[in-house]
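This report walks through a single protein model, moving from its overall layout to a handful of individual residues. Please keep the sequence and the model in view while reading.

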Amino acid sequence: MKHVFALFCLLLANTASAETRSVYVEDIDGARIKVAELHLEADGSYQVSMAEDPFSDHFLSMRPFKCLEGPGKHWCHVPYPYEIKRNVSSDLTDLEYDFLFVWKGAGEYGINMWNGVYYKLSEENGQWTGKLHEMDMDTLSAPPSAGELRPLSEKDLHPSDPDSHWLPRLVIEQNPSTE
């Protein structure tokens, strides 16, 4: 019985150290769209659950995309197709790869992969904030070399003018405690 109680306490401690965070994209005026939930473990490992409601289905350039429809642009999520660790214990780069988007004009039929959106994350006031960088998504069209989990480099990312895009920020913040 003593071992069962110890195991129960260990499981309870592991559950208590896990947290859930909400992931938002934000326009220049601060209006937000919740795009995902982030389930973060004490060891830094995480899982992303993308929201269904704000996205609509689009078939663009012969591929299905989940897109946020904006007044002048659509923001389409591009799931990273290669291996990553999904761990933030040392930095936030894996999360940056999980929230890749490509934008297209609202009236355009196809999609141009050079209109890639990469949110470079940093920690600010207890939340993680991503600033929009532009990138050519064709950079990721071929799989990286075996064992290379982060093929993008600084030369692939270009800081963007926040006023030139619909959703220039990504915000990841801890959900309020429900205790």
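## How to read the model

This is a predicted model, in which local features need pLDDT of at least 70 and side-chain atom pairs count only at pLDDT 80 or more, while totals for chains, interfaces and linings use all residues. Residues are numbered from 1 along each chain as its sequence is written, and side-chain values use heavy atoms, with hydrogens and water left out.

## Overall layout

The secondary structure of the protein comes to two helices and 11 strands, where helices (H or I, at least four residues) and strands (E, at least two) are DSSP runs numbered from the N terminus. Read from the N terminus on, the elements follow the order α-β-β-β-β-β-β-α-β-β-β-β-β.

Of the 179 residues in the protein, 41% are buried; here buried means under 20% relative accessible area, exposed means over 50%, and partly exposed lies in between (1.4 Å probe, protein chains only). The protein exposes about 10,400 Å², of which carbon and sulfur atoms supply 54%, and these areas come from the Shrake-Rupley method with a 1.4 Å probe, with only the protein chains shown counting as cover for residues. Contact means heavy atoms within 4.5 Å, and among contacts between residues at least 6 apart in sequence, 54% join residues at least 24 apart.

In soluble globular proteins, nonpolar side chains tend to be buried together. A nonpolar core is a set of buried Ala, Val, Leu, Ile, Met, Phe, Trp, Tyr and Cys residues joined through side-chain atoms within 4.5 Å. In this model the largest nonpolar core has 43 residues, and those with the most contacts inside it are Trp-75, Leu-95, Tyr-119 and Trp-128. Beyond residues up to four places away in sequence, Trp-128 touches a set of residues including Arg-21, Leu-38, Val-88, Leu-95, Leu-121 and Ile-172.

Strand E9 (residues 127-135) contains Thr-129, and Gln-127 is found in strand E9 as well. Thr-129 counts as buried because its relative accessibility is 1%, and Gln-127 counts as buried because its relative accessibility is 17%. Leaving aside residues up to four places away in sequence, Thr-129 touches Lys-120, Leu-121, Ser-122, Glu-124, Arg-169 and Leu-170. With its neighbours within four places in sequence set aside, Gln-127 is in contact with residues that include Arg-32, Ser-122 and Val-171. Although Gln-127 and Val-171 are 44 residues apart in sequence, their C-alpha atoms are 7.1 Å apart in space.

Phe-65 is buried because its relative accessible area is 4%. Apart from neighbours within four places in sequence, Phe-65 is in contact with several residues, among them His-58, Cys-76, Val-78, Val-102 and Ile-111. Phe-65 and Phe-55 are 10 residues apart in sequence and 9.1 Å apart in space, C-alpha to C-alpha.

His-74 is found in strand E6, and it is buried because its relative accessible area is 7%. Not counting residues up to four places away in sequence, His-74 touches His-58, Leu-68, Glu-69, Val-102, Trp-103, Lys-104 and Ala-106.

## Two loop residues

Arg-86 is found in the loop between strand E6 (73-77) and helix H2 (93-98). Most residues other than glycine have a negative phi. Arg-86, however, has a positive phi of about 55° although it is not a glycine, and this residue is partly exposed, with a relative accessible area of 29%.

Leu-152 is found in the loop between E9 and strand E10 (158-159), and it is buried because its relative accessible area is 13%. Leaving aside its neighbours within four places in sequence, Leu-152 is in contact with Tyr-97, Tyr-118, Met-135, Thr-139 and Leu-140. The C-alpha atoms of Leu-152 and Thr-139 are separated by 7.9 Å, while the two residues are 13 residues apart along the chain.
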